[in-house]
Amino acid sequence: MTARHSESTRRSFAGPALFSMGFRPFFLAGALWAVVAVLVWLPQFFGELTLTTAFQPLDWHAHETLFGYGGAVVTGFLLTAVPNWTGRLPIQGRGLAGLVLLWLAGRAAVLLSAKIGWAAAALVDCAFLLTVCGVIAREIVAGENTRNLKVLIFVGLIACANIAFHIEAHVAGDAAHARRFGLAALVALVMLIGGRVIPSFTHTFLARRGPGRLPQTFDRFDAVCLAVSVPALVGWGCLPDNATVGAALIAAGLLNSARLARWAGERAAGEPLVAILHLAYLFVPLGFLLNGVAAATGALPISAGVHAWGVGAIGAMTLAVMTRASLGHTGQRLSAGRATRAIYAAVLLAALARIAAALAPDHAFALLHVAALCWLAAFGGFILAYAGALLRPRS
């Protein structure tokens, strides 16, 4: 089946536009949850609110950021990308609505886990990512596009980290290892997808500008970078305060810095839709370096590197992908208007403020509120700017 056939079917879909393509409900739901989760988190952090969840507050915050928000956006991206990879019809209508309901059930189950029990909550919550893995695997194999099955390795690791999260939180009372492994799996996915889309989109933009340096395509250097980075992430998940792991993280940070430099980002500074991809990826090596120094010397708090990855790399990169995909797949011009540029500025400021809060504890109270407000502005801005297009049929 051709991609053209798939596009024709998308346009002729008779149901609600929201369920015509995977990015529509999951990007919108993910952004809404990003707003709700942070609005709820700060009162929890300061002891002003208690939820009916079996998780301790930090675990709930991490879980709903990584597996709630992250799970939604990754699913929306894959359900939109896979039909382009395989030429098969997209998941639409009742099938897509069923996945959304399963995601919502997971959020409710985690929130009410103190009442329904940790095992029941785990069963409902973990079913979502496992189902997504099965659906994506079926589509890729049926489309005879098995080279893209490697994406499922990282999505499967996220699903496994989610299972481990519930078990560790119940047995140990704290899911510290699973929190790190879930974050590490999402960072690895950013590295994999970023290595594909950043040089590709940058090349497309720069090719129209005339002669000049172009981004390097995936080659042996990228393979070496990933081969060093992934074991470093695994080591960090196990031993975040080990000097040898710290050295590996620093090495990975330097390699990822060089990888980013190979993509000619300085030439794309005038195009926000491209520049934001480079700026978001910058937080990948920054996270490696901050966590590396923390592990090797103990001179930095681990939360600085954690939030460089969580708010910066994951938050900014997912927003970059969400805005670009939403524009392109709803028939709008690929151009960043004022609202989109404001969204990008807000998420970058949120990342910088949250890192600064970890590094400057005397000013943490103010910086945490700045980071939260910027995060809310970024994702609330996405909802305001893009909800209309996500809810309407393609123009």
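Biologist: Which helices each supply at least two residues of the nonpolar patch?

Modeller: This is a predicted model, so to speak of local features we need pLDDT of at least 70, side-chain atom pairs count only at pLDDT 80 or more, and totals for chains, interfaces and linings use all residues. Residues are numbered from 1 along each chain as its sequence is written, and side-chain values use heavy atoms, with hydrogens and water left out. Patches take residues with over 30% relative accessible area and no salt bridge, joining like charges within 9 Å and nonpolar side chains (Val, Leu, Ile, Met, Phe, Trp, Tyr) within 5 Å. With helices read as DSSP runs (H or I, at least four residues) numbered from the N terminus, the suppliers are α6 (118–142) and α7 (150–172).

Biologist: Which helix gives the most to the nonpolar patch?

Modeller: The patch is made of Trp-118, Leu-130, Ile-163, Ile-167 and Val-171, with about 450 Å² of accessible area together (Shrake-Rupley method, 1.4 Å probe, only the protein chains shown counting as cover for residues). Leu-130 is found in α6. The top giver, with three residues, is α7.

Biologist: What is the relative accessibility of Leu-130?

Modeller: Buried means under 20% relative accessible area, exposed over 50%, and partly exposed in between (1.4 Å probe, protein chains only). Leu-130 counts as partly exposed, because its relative accessibility is 46%.

Biologist: On to cysteines: how many disulfides does the structure hold?

Modeller: A disulfide here is a pair of cysteine sulfur atoms within 2.5 Å. For Cys-238, the closest cysteine sulfur is in Cys-160, 14 Å away, so that's too far for a bond. The structure's total is zero.

Biologist: And which cysteine has the sulfur nearest to that of Cys-126?

Modeller: Cys-126 is in no disulfide. With a relative accessible area of 9%, Cys-126 is buried. The nearest cysteine sulfur is 9.6 Å away, and it belongs to Cys-160.

Biologist: Now charges. How far apart are the closest N and O atoms of Glu-64 and Arg-107?

Modeller: A salt bridge needs a side-chain nitrogen of Lys or Arg within 4 Å of a carboxyl oxygen of Asp or Glu, and by that rule the count comes to 10. Glu-64 and Arg-107 form one, with their closest N and O atoms 2.5 Å apart. That pair links distant parts of the chain, Glu-64 in helix α3 (residues 57–86) and Arg-107 in helix α4 (residues 93–111), 43 residues apart. Both partners are buried, and the distance you asked for is 2.5 Å.

Biologist: Which residues join Asp-222 and Arg-259 in one network?

Modeller: Asp-222 and Arg-259 form a salt bridge, the closest N and O atoms being 2.8 Å apart. Asp-222 lies in α9 and Arg-259 in α10, so the pair ties together parts that are 37 residues apart in sequence. Asp-222 is buried at 1% relative accessible area, and Arg-259 is buried at 0%. Salt bridges that share partners bring in Asp-219 and Arg-262.

Biologist: Last one: which side chain makes a polar contact with the side chain of Thr-340?

Modeller: Thr-340 lies in helix α13 (residues 338–359) and counts as buried at 5% relative accessibility. Not counting residues up to four places away in sequence, Thr-340 touches Leu-273, Thr-323 and Tyr-386 (heavy atoms within 4.5 Å). A polar contact is a pair of N or O atoms within 3.5 Å; within protein, one must be able to donate a hydrogen and the other to accept it, and residues adjacent in sequence count only if both atoms are side-chain atoms. At 2.6 Å, the partner is Tyr-386.
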